[in-house]
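Work through the exercises below with the sequence and the 3D view open. Try each task before reading its solution.

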Amino acid sequence: MLCVLLSGCHEVDDDRIPQMPVNINLGDQGVWNAFGVSGFGISRNFISNITPTQPQGFHYTADSRTGFGGVLLIGGMDPYSAQTSAVLAYDLSCPVERQPDVRVYVDQETYVAVCPACGSRYDVTMSGGAPLSGPAAAKKRNYGLKRYQCLGTQYGGYLITN
């Protein structure tokens with residue numbers, strides 16, 4: 001019984017990034033084909049509050065929202081449903097730095113998200129944004145990336161939301 005109680009100390013804290021609205025409509029098959037992700041490790045950033053916006057050419061509407069620091073969309077495996085070909089979304093802001101302009105990037109060789117400021121590394125393809133190393137993985141921290149929902153639509157695309 002003691003092991004069960006102590007295991008709670010190792011849970012990932014993915015709530016350090018302020019709650020901000022997320023609404024990216026990739027619900028149409030054509031829009032999904034142009035701006036979605038099509039396989040494991042393939043990623044795309046959505047940031048509406050910079051010039052030029054990312055991705056270039058994506059039409060943000062008045063209802064579009066990209067969270068605190070932007071949204072990382074990536075193909076991977078959902079550790080909570082064991083779905084092996086899943087679309088995953090995270091806030092781009094590093095939970096250690098907690099600044100909207102300190103954004104993780106995906107290392108294309110390892111498919112790991114890396115913070116350029118603190119050096120923390122996060123597993124975004126198989127472990128739900130859990131920290132792998134750096135200050136985010138320190139004993140008393142265990143800060144993970146904030147996750148967002150990817151909801152399939154009847155038109156062959158996805159709605160990214162919180």
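**Exercise 1.** Is Y60 buried or exposed?

Solution. This is a predicted model, in which local features need pLDDT of at least 70, side-chain atom pairs count only at pLDDT 80 or more, and totals for chains, interfaces and linings use all residues. Residues are numbered from 1 along each chain as its sequence is written, and side-chain values use heavy atoms, with hydrogens and water left out. Step one: take the cut-offs. Buried means under 20% relative accessible area, exposed over 50%, and partly exposed in between (1.4 Å probe, protein chains only). Step two: apply them. Y60 has 15% relative accessibility, so Y60 counts as buried.

**Exercise 2.** Find the aromatic pairs that involve F58, and classify their geometry.

Solution. Start with the rule. Rings of Phe, Tyr and Trp (its six-membered ring) pair if their centres lie within 6.5 Å; planes under 30 degrees apart are stacked, over 60 edge-to-face, and the rest tilted. The count comes to 5 aromatic pairs. One of them joins F35 and F58, with 5.2 Å centre to centre and 75° between the planes, which is edge-to-face. Now place the partners. Helices (H or I, at least four residues) and strands (E, at least two) are DSSP runs, numbered from the N terminus. F35 is in helix α2 (residues 29-35) and F58 in the loop between β2 (43-46) and β3 (65-66), so this pair ties together parts 23 residues apart in sequence. F35 and F58 are both buried. Next, take F58 and Y60. Their ring centres are 4.8 Å apart and their planes are at 80°, so this pair is edge-to-face. For F58, the relative accessible area is 9%. Finally, widen the view: F35, F46, F58 and Y60 form one aromatic cluster.

**Exercise 3.** How many salt bridges does the structure hold? Locate each partner.

Solution. Side chains of opposite charge can pair when their charged atoms come close. The test here is a side-chain nitrogen of Lys or Arg within 4 Å of a carboxyl oxygen of Asp or Glu. The structure holds 2 salt bridges.

- R147 and D14 meet at 2.9 Å, N to O. R147 lies in strand β10 (residues 147-152) and D14 in the loop between α1 (2-7) and β1 (22-28), so the bridge ties together parts 133 residues apart in sequence. R147 is partly exposed at 34% relative accessibility, whereas D14 is buried at 18%.
- K146 and D15 meet at 3.3 Å, N to O. K146 is in the loop between β9 (130-133) and β10, and D15 in the loop between α1 and β1, 131 residues apart. K146 is buried at 5% relative accessibility, but D15 is exposed at 58%.

**Exercise 4.** Which residues touch the most other members of the largest nonpolar core?

Solution. A nonpolar core is a set of buried Ala, Val, Leu, Ile, Met, Phe, Trp, Tyr and Cys residues joined through side-chain atoms within 4.5 Å. The largest has 20 residues; Y90, C94, V96, V104, Y122, V124 and L145 touch the most other members. β4 (71-78) and β5 (83-91) each supply at least two residues of this core. The largest share, 3 residues, comes from β5. Apart from this core lies another, of 16 residues, including I24, W32, V71 and I160.

**Exercise 5.** Which strand gives the most to the lining of the largest pocket?

Solution. On a 1 Å grid over the protein atoms alone, a pocket is an open set of points where a 1.4 Å probe fits, with protein on both sides within 12 Å along at least five of seven lines; lining residues have an atom within 4 Å of a point. The largest pocket is lined by 15 residues, with D78, V87, L88, Y148 and C150 nearest its centre. β5 and β10 each supply at least two lining residues. β5 gives the most, with 6 residues.
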